[in-house]
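Welcome! Have a look at the structure below, and then let's walk through some of its strands and its nonpolar cores together.

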Amino acid sequence: MLPRLVAALPRLLAVLVLGALAGAAVTFAAGNETPPAPATTTAAPEPADLVVPDVRRQAYVFAKGTLEDAGFAWKVGGGAPGYAANVVVDQSPDPGTTLVDTGAPLVTLRLEPNAQYPPEGEPESASPYPGTALELAGAREAAPAPTAPAARKPAAAKPKPAVKPKPAVKPAVKPKPAASPSPAAKPAARPPAFTVAGAPAEPLDEIPLPDRARRLAGYVASHPKPTPAAVRHWLYQHNWIVAGARFGWWRGAEALTSLVEVDRRVQRQWGIGAKSRRVAELALKEVGARS
């Protein structure tokens, strides 16, 4: 028995030594494991700023378009009702105020009646989409800038002798002066269908009413769903065409005829627009009788 134990003793010692070495290797690997890098978060971009346009002394129908193009909502806050020809006499916030783009910042208008143009149609007291809160751009709390570590002062280098620049070679051929652009041609005059006392003249920098109606038809056809942006665009263009035709602008009856067809498509496609179609049909009768 003793001789067997003596013979097996070297094997037992070898097994114990190998086990101790394996445990040390595992402990060393666990102690040197690199911790995962902390996740970085990206800061959300700040909203853009909007500058309130000056719509005072404008007809209400034009003031609404100016505000919508600039990204604002509006409402009538006093004075005369929101008829197309009434004039804006005051606004809040003041023109030039810089606001945070909260979606559609609300601008409040005060109107006065146009004594030379009787109110027609139905007044519109607010934008077709809700306004959002007013937030001054300067009121935003500025985030503290991160403090950069102090940079080491570089060792002063010996200045190199300045190289004397060589004189520039003059061109052999003198370039010809650029031709001045020719002045843009003025848009052709558009004779009014009829004259309305006190009505604003048709702006020649805008497309004619029939072209506006045709573009609106294409817009509605390319937007099968009544998204808020699509409905706002349709209502704005609709109001412009109806108001312009009632002002006696060029080919207003033709534009209203196309607009009625657009409204019928809006009813079939979006499920809305019955009231707007009746407004366009009534305006078409009025304009046809006066043309």
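This is a predicted model: local features need pLDDT of at least 70, side-chain atom pairs count only at pLDDT 80 or more; totals for chains, interfaces and linings use all residues.

## Strand S5 and its partners

Glutamine 91 has leucine 109 of S5 as its bridge partner.

## Two faces of S5

Which residues of S5 lie on its covered face, and which on its uncovered one? Along this strand, residues 106-112, the covered face holds Val107, Leu109 and Leu111. The uncovered face has Leu106, Thr108, Arg110 and Glu112. In a regular strand, side chains alternate between the two faces of the sheet.

In soluble globular proteins, nonpolar side chains tend to be buried together. The largest nonpolar core in this model has 33 residues, and Val220, Trp234, Phe247, Leu256, Leu259 and Trp270 have the most contacts inside it. At least two residues of this core come from each of the helices H2 (60-69), H3 (209-221), H4 (228-246), H5 (252-270) and H6 (274-290). H4 gives the largest share, with 10 residues.

Now zoom in on leucine 259. Setting aside neighbours within four places in sequence, leucine 259 is in contact with Ala213, Leu216, His238, Ile241, Val242 and Ala280. Another core, of 17 residues, lies apart from the largest one, and includes Leu50, Ala63, Leu67 and Ala73.

Technical notes. Residues are numbered from 1 along each chain as its sequence is written. Side-chain values use heavy atoms; hydrogens and water are left out. Buried means under 20% relative accessible area, exposed over 50%, partly exposed in between (1.4 Å probe, protein chains only). Helices (H or I, at least four residues) and strands (E, at least two) are DSSP runs, numbered from the N terminus. Two strands pair if DSSP finds at least two bridges between them. A nonpolar core is a set of buried Ala, Val, Leu, Ile, Met, Phe, Trp, Tyr and Cys residues joined through side-chain atoms within 4.5 Å. Contact means heavy atoms within 4.5 Å.
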